[in-house]
Structure formats: structure tokens, C-alpha cells
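Please keep the model open while reading.

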Amino acid sequence: IAELQEAGRLTCIVMGETRDFIQEHNVREGVVMKSANTPLTIGDVRQFIRSRLSAYGMREDHDTIFAQGRDAGVPHNRGNDSAPLRLGEPIIFDFFPMTSKGYFHDITRTWCLGYAPPAVQEAWDQCKELFDKLMGELALGRPCREYQEMACDYFEAKGHPTVRSQPGTHVGYVHGLGHGIGLDIHEEPRLSHAAGNDTVLQPGHVVSIEPGLYYPERGFGVRIEDSVAFTEAGDLINLTAFPYDLVIPMGG
């Protein structure tokens, strides 16, 4: 657990430094600027993230997801490096670096620079309400699939398609609720409603909790993710300590 806690601590530091880096830039006509005539791009942010990971002895095993606007509406889209950062367009920042000892952390935050459009705010509010509910329900001995069922119940009640109500859907809630983490970024257990998933939460399990909503044609996606661990004694520890704020204030 100590190694996983350290992975979480360092990952959250780099995420905070990335937020600060973006906030240091000026804005012109809704675009974040690197210099008087050059926009700050997703590629620039990615370069900054890699340099900070290196400074802490960490690295990417797969490309970080830093996807803006429509790209954020496609869950595994890594983001377009040439795209300039724009105010009001949601950014899904899904960050899963590895420490020098081989341990992963997994966190996602959704950011809107400057302000959030109403549709994005509404989707985010729903994800956060569900996220808080699920985090409060985590308990040893409960079936993993139960949590995915709760997520589908909640989103369907709000009028969204889900992988349960519309298998194969590309809009609404389109994926499982979470997965195991450790020496691999995706391992057992799975928080899915797949047939045959009869795993129950046990001491030693480390899982992500990551509800999300995706509407690429409407130009947005939203996801919130923390990673949690059950100690061998059965205590629940949240390995992720980073603010959930959707709106990242920007200067002029």
C-alpha cells in the first residue's frame, strides 16, 4: 500500500503543477496563448507533463489522455497535440503514470478553463453526485458488479443511455465503472456487470472508481476518477488527493 500511496502522491503533485502551468498563461479571444502570437497546445501541455514526471522519477507507460471538446467525448481518445487550449471546452485529463518501482496510479479530472458551458456543468454535476454516492457505498464483501449496476441505475434515471440499457452505445455512460490497479494499469477486479463477474471486494483490492458521460456530437465528455485501496486489515484508503473543481480560473 505504501508504494501505491507514493504513486498517488507524486501523480497528484504533477497534476497540480500542470494546472498551475496552464493558469500561468494569458488568454486572447478565448485561446490560451504561449506567446503574443502562438497558442498553447495540448502537445505543449503533454511535453510539460513528461518533463515533470521525469523530475519525480516517473514515466508514462501509455500516452496520457488530455482530450478537449469533441475528443473528450470519446473515452480513449488521447487528445490532439496540435489543438490550442480554448476556454469553455471540457478537457478530460486521465493520468496514469508509473513510479520507478513499477507501481501505477490512475486519476481523471475534467477541467473547463475559465468557465463551463451549462450542458457540461450539468453532466459533471451528475457524475460527481454518482461518484460521491459510490465512494460512500464501497465495502468489503460486496459484489463488484453491484457498483456498475448502481451507476447504470443512476444514469438511466437521468435519461442517459448506458452499456446496460443500450449495449455498444457510444453516447451516455459507455464503459465499466472501474478496474484493479497495481503493477499493471488494468488488472482484476473489474467493476463491470459482465456475465460471470462474481468477484467480491476483498482486503488488498485496489480499484478505480470512474463514472463518466460522453456526447462527442455535442462536443463534450466528462469523467471523474479516484483510485482506492482496501488494506489487508480491511480499511478503505483513497489513494487520490486532488481537488475535483471543474472550472480552472484563467487570467485575461
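The charged end of R218 lies over the ring of Y215, at 5.1 Å from its centre; a charge sits over a ring if NZ of Lys or CZ of Arg is within 6 Å of the ring centre and within 35 degrees of the ring normal. K128 is placed likewise over the ring of Y244, with its charged end 4.6 Å from the centre. This is a predicted model, in which local features need pLDDT of at least 70 and side-chain atom pairs pLDDT 80 or more, while totals for chains, interfaces and linings use all residues. Residues are numbered from 1 along each chain as its sequence is written, and side-chain values use heavy atoms, without hydrogens and water.

Searching the whole structure gives eight aromatic pairs. Rings of Phe, Tyr and Trp (its six-membered ring) pair if their centres lie within 6.5 Å; planes under 30 degrees apart count as stacked, over 60 as edge-to-face and the rest as tilted. F93 and F95 form a tilted pair, with 5.1 Å between centres and 35° between planes. F93 counts as buried because its relative accessibility is 0%, buried being under 20% relative accessible area, exposed over 50% and partly exposed in between (1.4 Å probe, protein chains only). F95 also has 0% and counts as buried. F66, F93, F95 and W111 make up one aromatic cluster.

The largest pocket holds about 370 Å³ of space. On a 1 Å grid over the protein atoms alone, a pocket is an open set of points where a 1.4 Å probe fits, with protein on both sides within 12 Å along at least five of seven lines; lining residues have an atom within 4 Å of a point. The volume is the space filled by probe spheres set on the points, which are joined across faces, edges and corners. Of its 21 lining residues, H76, D94, H179, H186 and E210 lie nearest the centre of the largest pocket. Strands β6 (178-180) and β7 (187-191) each give two or more residues to this lining; strands (E, at least two residues) are DSSP runs, numbered from the N terminus.

Most residues other than glycine have a negative phi. E29 belongs to the loop between β1 (26-28) and β2 (31-33), and counts as exposed because its relative accessibility is 78%.

Note on methods: Helices (H or I, at least four residues) and strands (E, at least two) are DSSP runs, numbered from the N terminus.
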